[in-house]
Amino acid sequence: MDDTDLPVLIYATFPSIDEAKSVGGALVDARLAACVNVFPGMVSIYEWEGARETAEEVAMIIKTRKGLTKQVMAEVKRLHPYDLPALLVLPTAGGSAEYCAWIVQETQGT
């Protein structure tokens, strides 16, 4: 397996499940992601522009390959309603050969 084909997970947050599903669907449709997982019901506590904030958010994990990381992040930023979306790339140590091959197969042609 080529280094660019190694699986990565990209963590992102969204203000609503509908927005997360919309962005996730766009990523899968564009073959930038093999799959996205959307986790509703998260509460985030953070500082923003000097004030403490608490917000209900939705977490998303985007399953893609290393070679698409920059494209995925650019597309999420383009579609995201936040000025500064949370985007973290989580490298993996691998996984089942069949599942990793499926991620590559589903993201071909990009």
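Which residue of strand 3 is the bridge partner of isoleucine 10? In strand 3, isoleucine 62 takes that place.

## Basis of the model

The model is predicted: local features need pLDDT of at least 70, side-chain atom pairs count only at pLDDT 80 or more, and totals for chains, interfaces and linings use all residues. Residues are numbered from 1 along each chain as its sequence is written, and side-chain values use heavy atoms, with hydrogens and water left out.

## Strand 1 and its partners

Helices (H or I, at least four residues) and strands (E, at least two) are DSSP runs, numbered from the N terminus. Strands pair if DSSP finds at least two bridges between them. Strand 1 pairs with strand 3 in the antiparallel sense over eight bridges. Strand 1 also runs antiparallel to strand 4 (residues 87-91), with five bridges joining the two; here valine 8 stands opposite proline 91.

## Helix 3

In helix 3 (residues 97-106), the buried residues are Cys100, Ile103 and Val104. Seen down the helix axis, they fall within an arc of 95° (taken from the directions from the axis to the C-beta atoms), so they line one face of the helix. Their cover includes strand 1 (7-14) and strand 3 (51-65).

## Lysine 66

Lysine 66 lies in the loop between strand 3 and helix 2 (69-79). Lysine 66 and leucine 6 are 60 residues apart in sequence, yet 5.5 Å apart in space, C-alpha to C-alpha.

Notes. Buried means under 20% relative accessible area, exposed over 50%, partly exposed in between (1.4 Å probe, protein chains only). Contact means heavy atoms within 4.5 Å.
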